[in-house]
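The following note sets out points on the ligand site and the pockets of the model shown here.

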Amino acid sequence: MGTRLEGKVAVVTGGCSGIGLATVRRFAEEGARVVIGDLDDTNGERIADEVGGAYVHCDVTDKDQVDALFATAKERFGSVDIAFNNAGISPPEDDSILDTDLDAWRKVQEVNLTSVYLCCKAAIPYMLEQGKGSIINTASFVAVMGAATSQISYSASKGGVLSMSRELGVQFARQGVRVNALCPGPVNTPLLRELFAKDEERAARRLVHVPMGRFGEPEEMANAVLFLASDESSFITANTFLVDGGISGAYVTPL
Ligand SMILES: NC(=O)c1ccc[n+]([C@@H]2O[C@H](COP(=O)([O-])OP(=O)(O)OC[C@H]3O[C@@H](n4cnc5c(N)ncnc54)[C@H](O)[C@@H]3O)[C@@H](O)[C@H]2O)c1
């Protein structure tokens with residue numbers, strides 16, 4: 001048990017699986033009270049009990065539910081110090097622009113981008129009142145690099161998350177509110193496994209571009225999020241925080 005987040009209250013969306021779940025556990029290990037917002041009612045309460053936090057059923061595309069999520073953190077635990085706006089989807093119907101219809105495009109924009117707007121809009125007023133806060137929004141390495149194996153709405157949504165985070169970080173820098181974008185490389189989570197289960201060739205094509213030659217683990221993302229959430233990163237805001245096994249720095253990778 002550490003103390004790096006002692007006394008802090010954190011909201012984590014998408015906290016029932018993958019990167020979000022690993023971060024919920026890491027935050028709790030470091031002393032934070034964690035409020036999880038997710039759709040997964042089967043696991044949400046159990047995970048909240050495990051970490052001594054709270055679970056709120058929350059569809060991150062719904063403004064009232066998002067507002068209620070952050071209000072729960074304030075009412076139950078007294079503040080909103082950290083927001084990890086992380087819930088996201090990567091459905092197979094989002095593919096090349098030639099094959100992706102408008103419904104698939106809109107669904108991904110709602111869950112991946114509009115949700116981050118709603119969460120930041122809900123969190124920032126609490127943080128301004130406190131004079132401090134740290135927001136971490138999950139973007140992706142595809143926000144800074146193009147892929148021939150396209151998921152057009154996903155990439156566009158993550159580009160939006162990245163530029164929104166940067167702008168908010170600049171706007172609120174003098175009021176003590178830091179906003180950073182986490183840009184993971186490919187991470188071994190249900191989201192990625194589902195995407196590649198049907199297409200091994202696609203997975204292999206991705207892996208060849210990672211200098212480290214492997215996918216990241218959720219715990220490796222959680223450690224980066226912990227750093228951005230804690231006061232250790234006090235001079236870091238509006239940042240593109242790439243945690244990608246070297247992908248974005250590589251031109252040729254080792255054999
Ligand atoms: N896994 C990767 O390779 C990778 C790479 C870069 C970025 N990311 C991003 O990281 C984030 C987390 O991804 P993951 O791989 O851990 O995914 P995951 O599928 O393991 O977990 C996503 C969680 O979000 C929840 N969720 C989905 N839609 C929701 C909604 N409308 N409202 C509330 N909760 C909802 C799910 O129930 C689930 O618990 C996503 O934003 C994803 O785009 C993932």
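1. A polar backbone atom of Asn86 is 2.8 Å from an oxygen atom of the ligand. For Val187, a polar backbone atom lies 2.7 Å from a ligand oxygen atom. Tyr154 contributes a polar side-chain atom, 2.6 Å from an oxygen atom of the ligand.

2. On its own, the ligand has 840 Å² of accessible area, and the protein covers 91% of it (Shrake-Rupley method, 1.4 Å probe).

3. The model is predicted: local features require pLDDT of at least 70 and side-chain atom pairs pLDDT 80 or more, while totals for chains, interfaces and linings use all residues. Residues are numbered from 1 along each chain as its sequence is written, and side-chain values use heavy atoms, with hydrogens and water left out.

4. The shell around the ligand holds 28 residues, with Ser17, Asp38, Tyr154, Val187 and Thr189 the closest (a heavy atom within 4 Å). By class, 16 are nonpolar, nine polar and three charged; Ala, Val, Leu, Ile, Met, Phe, Trp, Tyr, Cys and Pro count as nonpolar, Asp, Glu, Lys and Arg as charged, and the others, Gly among them, as polar.

5. Helices (H or I, at least four residues) and strands (E, at least two) are DSSP runs numbered from the N terminus.

6. The largest pocket has a volume of about 970 Å³, the space filled by probe spheres set on the points. A pocket is an open set of points on a 1 Å grid over the protein atoms alone, where a 1.4 Å probe fits, with protein on both sides within 12 Å along at least five of seven lines; lining residues have an atom within 4 Å of a point. Its lining comprises 45 residues, with Ala87, Gly88, Ile89, Ser90 and Leu191 nearest the centre. Helix 6 supplies the largest share of this lining, five residues.

7. The second largest pocket holds about 350 Å³ of space. Of its 16 lining residues, Gly146, Ala147, Arg205, Arg206 and His209 are closest to the centre.

How values were computed:
Polar contact = N/O pair within 3.5 Å; in protein donor to acceptor, adjacent residues only side chain to side chain.
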